[in-house]
Amino acid sequence: MVLSAQTTGTLIRFPRADLRGLLGAAMKRHRLPETLADALVRDAAGFPDVSADAALAFALDQRMTAAPLDLEKARGILLVGPGGSGKSAVAAKIIHAARLIGRRTELARADGGLALFRSRTNPPGLLTVMEAEGFNPLNARAASAFSALGEIEGVDTIGVVSALSDAEDVADIVAAFRFRRVIVTHMDRTRRLGAALAAITGGVRLAHVTHGPRAEDSLDTLTPGTLAGLLLDAPPH
């Protein structure tokens with residue numbers, strides 16, 4: 001029995017073994033890290049009397065925390081991520097969205113912009129968006145240096161990771177760089193959500209996900225219910 005997203009929350013009897021099998025197959029299809037996949041299946045199996053979507057949404061809700069950017073109040077946003085993760089596209093989207101609500105914005109080099117915040121000489125009322133240089137995620141020295149940037153007053157340091165990446169690698173990057181909040185890019189370019197799950201279920205808050213490379217393409221939010229539906233959506237035959 002395959003349940004669509006429209007049945008989410010419907011009180012029905014769903015045998016526990018069938019639920020585990022359905023969820024386990026979905027986790028394997030999306031190539032989640034084994035430990036995370038086992039935990040989600042175990043937790044979702046505790047809700048056998050609801051739809052598969054709802055059971056998985058309950059499990060995801062325990063691990064996901066939404067924290068969208070507040071573009072009305074933000075002063076400085078520093079984007080940190082591996083090369084190719086989509087930082088430049090995210091910066092363009094932030095500036096576009098901020099200008100739509102009337103904010104003055106500036107795209108600055110990370111070194112120059114951070115120097116202004118450290119010296120507390122950044123212009124009042126200006127939103128400064130900064131993009132850190134891409135790093136080698138295996139470089140422990142880079143991890144130490146970038147994680148310290150999260151301590152600068154007035155600057156929101158946001159990790160940027162790609163949904164196209166390997167899920168295990170993403171989990172390692174998020175942990176090593178001690179990201180507090182992430183944006184997951186390239187959601188429109190993959191059918192597998194393992195990397196996205198690894199990024200947002202390890203205690204890190206989710207700011208946004210992105211679909212599309214243009215500045216006009218929005219910074220989207222993602223709820224546990226929506227994500228559960230995506231994970232259980234069967235691939236085309």
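Visitor: Which residues is V184 in contact with, leaving aside its neighbours within four places in sequence?
Guide: V184 contacts V161, A163, A196, A199, I200, L206, H208, V209 and T210, where contact means heavy atoms within 4.5 Å. This is a predicted model, with pLDDT of at least 70 needed for local features and 80 or more for side-chain atom pairs, while totals for chains, interfaces and linings use all residues. Residues are numbered from 1 along each chain as its sequence is written, and side-chain values use heavy atoms, without hydrogens and water.

Visitor: And the largest nonpolar core, which members touch the most others?
Guide: M27, L60, V184, L197, I200 and L227, out of 55 residues. Such a core is a set of buried Ala, Val, Leu, Ile, Met, Phe, Trp, Tyr and Cys residues joined through side-chain atoms within 4.5 Å; buried means under 20% relative accessible area, exposed over 50%, partly exposed in between (1.4 Å probe, protein chains only).

Visitor: What does the second core include?
Guide: That separate core has 17 residues, among them I77, A91, V129 and I183.

Visitor: Switching to rings: how many aromatic pairs in the whole structure?
Guide: Two. Rings of Phe, Tyr and Trp (its six-membered ring) pair if their centres lie within 6.5 Å; planes under 30 degrees apart are stacked, over 60 edge-to-face, the rest tilted. F47 and F58 are tilted, at 4.8 Å centre to centre and 45 degrees between the planes.

Visitor: F47 and F58, buried or partly exposed?
Guide: F47 is partly exposed at 36%, and F58 is partly exposed at 37%.

Visitor: And F177 with F179, stacked or tilted?
Guide: Stacked, because the centres are 5.9 Å apart and the planes at 25 degrees. F177 is buried at 2% relative accessible area, and F179 is buried at 8%.
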